[in-house]
Amino acid sequence: MPPVRRTATVPRRGRILLHASWILALAVLAELRIGRFGFHPSDQGFVLAQSWRILHGEIPHADIVSARPLASALLHTVDFFVPGPLFVVSGVLSMLELTVATVALAALVTRRPVLTWGPGFTALVAAAALVNLNGFPMMAWHTIDGIALVACGAWALDTGLRSGRAWPRRLGLFLFGVAGFVKQGFLVGIVLAAVWLLLHPASRAGALRTWRWWRRTVADLLVLGAFPLAYVAVVWLADGYESMYAQVATGFPAYGERLVAFWVDEFFFTPHGVPLPHTPVPLIVVSAVIAGLLVVVRLAGRWPLLDRALVLAGTATVVAALGWGFFAREPRWADVLWWAAVAALAVATVSRRRVPPAALLVVALGYMISLSWGVDTPTLLAGTLGLTTVLLLVEGMPPVPSPGRAITALAGVVVFAVAGFTVVHRHDRAPYLDQPRERLTEDLGLITPEMRGVMTNPATYRYVSQLNSCLRRFPASKVAVLPDNPFAYPVFGLRNPYPLEWPLPLELVGDGPARMIERTHQLNHEGDYLVLFQTVKPEVLAAGGEVPRWTSPDAPIFDHADLENDIRAILTGQPVTCGSFVGKWSPRPAGG
């Protein structure tokens with residue numbers, strides 16, 4: 001009798017360690033190779049500046065003006081306690097969030113526990129995480145937080161509901177509650193969580209009949225609302241509820257209309273005046289046609305060769321959308337993937353004879369991401385949308401011979417390598433609001449240790465160096481750098497006397513403008529302040545343009561909405577200048 005052949009298996013703890021290791025390694029390597037190259041003083045540091053305020057005891061909306069709830073600022077207080085340069089640490093943590101979210105959504109869509117994944121599928125998920133990053137800067141940002149909280153919340157909720165365990169179910173519900181308060185667009189997630197909880201077969205057992213069901217359901221819903229209720233209660237106790245309502249509820253609304261109807265203005269005209277659609281529109285039509293044919297084929301239950309050919313064509317459409325997005329820089333490329341996922345969801349619904357909730361969540365999450373002023377497209381979910389589309393199409397396909405574990409692993413590694421090369425190339429070619437990598441020759445760590453390793457162009461380096469020089473020459477306990485410099489507060493340890501760091505017109509919500517002016521009058525009475533104004537436009541820094549070495553105290557300043565000019569006129573301090581900055585300084589009284 002031949003000996004029994006035993007297949008070596010990795011113990012459970014070893015598999016947990018392997019998956020945790022590649023997730024952490026991907027985040028660290030992505031920051032070292034991608035995230036630290038390129039810097040702009042506006043977005044990069046905005047959330048960290050709000051976290052810096054909270055660490056000093058300031059209360060959201062009562063002390064801090066914000067167009068959105070400040071759950072992200074609370075979350076990123078953690079960044080300050082991890083050893084290492086603040087900006088590099090924050091980049092690693094943000095990529096870690098994005099990668100874990102990608103893993104969670106893949107586990108949900110496939111219904112396969114992560115510990116059962118082989119190397120091939122693991123490499124595919126890692127590739128999807130890199131595609132999710134695409135050209136976005138690695139920085140603390142509320143949209144990334146919302147994606148991670150919704151994805152991990154759904155993963156934990158689904159695990160708890162299927163296993164019958166209370167703690168993962170309630171952890172998931174709590175995470176959904178936090179997600180709703182990083183940005184208004186993610187409030188939809190709280191509704192989805194409640195519906196998922198109440199409609200799940202495990203929750204319906206004994207519904208409306210037993211006291212145990214009522215007790216469990218009420219407890220679950222209280223956990224879902226725990227963070228929102230606590231957040232509102234703290235703001236209320238700080239006498240900031242009216243300000244919170246004015247700030248959060250009266251901002252400029254976003255409805256995601258560009259995602260669902262962008263093709264209305266996505267046309268160009270030939271020299272003969274004939275309107276033709278840009279690339280995304282035909283790709284969406286192709287996805288819809290493929291999905292329609294697949295529905296017919298699967299309802300008929302025949303033509304397996306045609307089924308496989310259509311799945312291959314759908315996969316090619318996903319690849320084409322990714323290619324156009326990365327190389328042709330199509331502005332709406334992720335919208336194609338969202339619509340392809342919607343089409344694949346319809347196919348999967350026909351194949352399963354029911355709506356797959358995990359895939360529906362991915363589509364809903366893409367819509368939540370698009371509820372934005374600046375980036376109203378689900379680019380931060382592009383990799384997951386593409387992977388989900390392919391998985392949904394393949395799910396009901398007639399079986400094909402397995403290529404074998406080795407070939408599957410090799411294919412996954414090749415896809416990961418291509419994704420990595422493509423994302424690195426895109427960032428090297430055009431970092432977020434900075435110059436190509438070969439022009440990023442200056443290390444901002446020479447100015448402040450909190451930015452050690454962050455590389456930028458010589459113009460931005462000079463700008464940050466001039467700011468640091470100003471702070472040393474004109475010391476004060478209260479310092480503001482207006483308008484586009486939120487990074488300065490956590491990096492240089494400044495205490496901003498104004499209620500917000502980045503007074504963009506869309507961020508000046510509710511009582512924000514009035515409070516800025518009122519605070520300016522108070523500064524005149526208090527003294528011991530330095531208010532600096534930038535004379536260089538943000539676009540100049542992004543283009544690596546000229547940053548003057550000196551400017552006169554009365555030089556015109558960059559101003560978004562005349563607010564900075566009003567503040568400058570009201571301040572009675574001594575006019576000062578250093579480098580490209582001008583300002584008003586009221587030094588600390590002698591012996592004070």
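This is a predicted model: local features need pLDDT of at least 70, side-chain atom pairs count only at pLDDT 80 or more; totals for chains, interfaces and linings use all residues.
**Helix packing and one buried leucine**

Leaving aside neighbours within four places in sequence, Leu 337 touches Val 318, Ala 321, Leu 322, Ala 382, Leu 385, Gly 386 and Thr 389. Leu 337 belongs to helix H16, residues 333-352. Its relative accessible area is 0%, and because buried means under 20%, Leu 337 counts as buried. The C-alpha atom of Leu 337 lies 29 Å from that of Phe 39, a residue 298 positions away along the chain.

Let me turn to the division of the chain. Domain 1 comprises 11-39 + 84-138 + 400-430, domain 2 covers 281-398, and domain 3 runs over 456-586. Between the C-alpha centres of domain 1 and domain 3 there are 39 Å.

I continue with helix H1, residues 12-35. At 1.5 Å a residue, its 24 residues should span 34 Å, and the end C-alpha atoms are 33 Å apart, in agreement. The buried residues of H1 are His 19, Trp 22, Ile 23, Leu 26, Ala 27, Ala 30, Glu 31, Ile 34 and Gly 35. Among the elements covering them are helix H4 (86-110), helix H5 (119-133) and H19.

Helix H19, residues 405-429, also meets helix H15, residues 304-327: their axes come within 10 Å and cross at roughly 25°. Because angles under 35 degrees count as roughly parallel, H15 is roughly parallel to H19. From H15, Gly 325, Phe 326 and Phe 327 meet Thr 422, Val 423, His 425, Arg 426 and Arg 429 of H19. The residues of this contact comprise 3 nonpolar, 3 polar and 2 charged.

Key
Residues are numbered from 1 along each chain as its sequence is written. Side-chain values use heavy atoms; hydrogens and water are left out. Axes are lines fitted to C-alpha atoms, for helices over the stretch in contact, and angles run from 0 to 180 degrees between N-to-C directions. Helices (H or I, at least four residues) and strands (E, at least two) are DSSP runs, numbered from the N terminus. Angles under 35 degrees count as roughly parallel, over 145 as roughly antiparallel, 65 to 115 as roughly perpendicular and the rest as oblique. Contact means heavy atoms within 4.5 Å. Ala, Val, Leu, Ile, Met, Phe, Trp, Tyr, Cys and Pro count as nonpolar, Asp, Glu, Lys and Arg as charged, and the others, Gly among them, as polar. Domain bounds come from an automatic or database domain assignment. The expected span of a helix is 1.5 Å times one less than its number of residues. Buried means under 20% relative accessible area, exposed over 50%, partly exposed in between (1.4 Å probe, protein chains only).
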